Amino acid sequence: GSPLDHDAKPDDPAYVMFTSGSTGRPKGVVVPHRGVLRLVLGQAFARMDETRTWLQLAPPWFDASTLEIWAPLLHGGRCVLFPGSAPDFRLLAAVLAEHRVDSLWLTSSLFNAVVDHDPTILAGVEQLLVGGEVLSPAHLRRARAACPHVRLVNGYGPTENTTFTTCHVIDDADLEEGRAVPIGRPIAATRVHVRDLDGQPTPVGVPGELWIGGAGVARGYHGRPDLTAERFLPDPFAEQAGARLYATGDLA
């Protein structure tokens, strides 16, 4: 066959990932190449270089896999493929130890399950990103007690903004009784705005809808121009023509 055309531009689609959100009706999020590059280049929420070993644990239809694959591969690090579909605690412990995995991403529910089973499974990990759902401070406290050296990071972000939008390095103050763990501030090449029902900025301390701008915003929904126009709005703050904000529907 003839050689493949590799002349991909930053705004060209890298993949389409289907997510149902709260509606139950799948919609295909069209993620551009620049969204993936922005996730793993020039960031400070995690150490990404040739010394890192990441575990590729998430299924490919979950956008955590974007971080797990490209964080090591675009920096010359190691990407360890988990040899199974459903995580088994014994197998997870063996893989982490055998391959000396130092960088790991877990959903909140899987993190809680690992901590309930045996938090020392995570003892060899240096940086652990957790997210996808509200974090449990009780489980974080148990993980911190068992593995005090692990750098814990809370990561928030919809698929429509390429995996992570905001991150927060968890400290002891976040683990106090009665406190919710913050989702943090925008990662590099990302902006967030809190708007009221009229689309106007809310004062500090007043809840509103979280809108996201920057290089991670998706192109829209595949074959859904109506929904794309509803959720992806012109970005009046961007210098780049045609840039858009994504309206998450989440309160912040």
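I looked up the pairing of β2 and β12 and found it antiparallel, over two bridges. I take two strands as paired if DSSP finds at least two bridges between them. Strands (E, at least two residues) and helices (H or I, at least four) are DSSP runs, numbered from the N terminus. Valine 30 stands opposite glycine 220 in β12.

I note that this is a predicted model, in which local features need pLDDT of at least 70 and side-chain atom pairs count only at pLDDT 80 or more, while totals for chains, interfaces and linings use all residues. Residues are numbered from 1 along each chain as its sequence is written, and side-chain values use heavy atoms, with hydrogens and water left out.

**Entry: the sheet.** I traced an open sheet of three strands, in the order β1-β2-β12, with antiparallel pairing. Because β1 (13-19) and β12 (220-221) are at the edges with a single partner strand each, one side of each has no neighbour in the sheet. I found six bridges between β1 and β2 (residues 27-32), which run antiparallel. Along this pairing, tyrosine 15 stands opposite valine 31 in β2, and methionine 17 has valine 29 as its bridge partner.

**Entry: α1 and its neighbours.** I found α1 lying across β1 and β2, at about 70 degrees to β2. Axes are lines fitted to C-alpha atoms, for helices over the stretch in contact, and angles run from 0 to 180 degrees between N-to-C directions. Helix α1 (residues 33-40) also packs with helix α2 (residues 64-73) at an angle of about 70 degrees, their axes 9 Å apart. The two helices are therefore roughly perpendicular, a term for angles of 65 to 115 degrees. Val36, Leu39 and Val40 of α1 make the contact with Thr66, Leu67, Trp70 and Ala71 of α2, where contact means heavy atoms within 4.5 Å. I sorted the residues of this contact into six nonpolar, one polar and no charged.

**Entry: Asn112.** I located asparagine 112 in helix α4 (residues 108-117). Asparagine 112 is buried, with a relative accessible area of 18%. Leaving aside neighbours within four places in sequence, asparagine 112 is in contact with Ser136 and His139.

Notes: Buried means under 20% relative accessible area, exposed over 50%, partly exposed in between (1.4 Å probe, protein chains only). Angles under 35 degrees count as roughly parallel, over 145 as roughly antiparallel, 65 to 115 as roughly perpendicular and the rest as oblique. Ala, Val, Leu, Ile, Met, Phe, Trp, Tyr, Cys and Pro count as nonpolar, Asp, Glu, Lys and Arg as charged, and the others, Gly among them, as polar.
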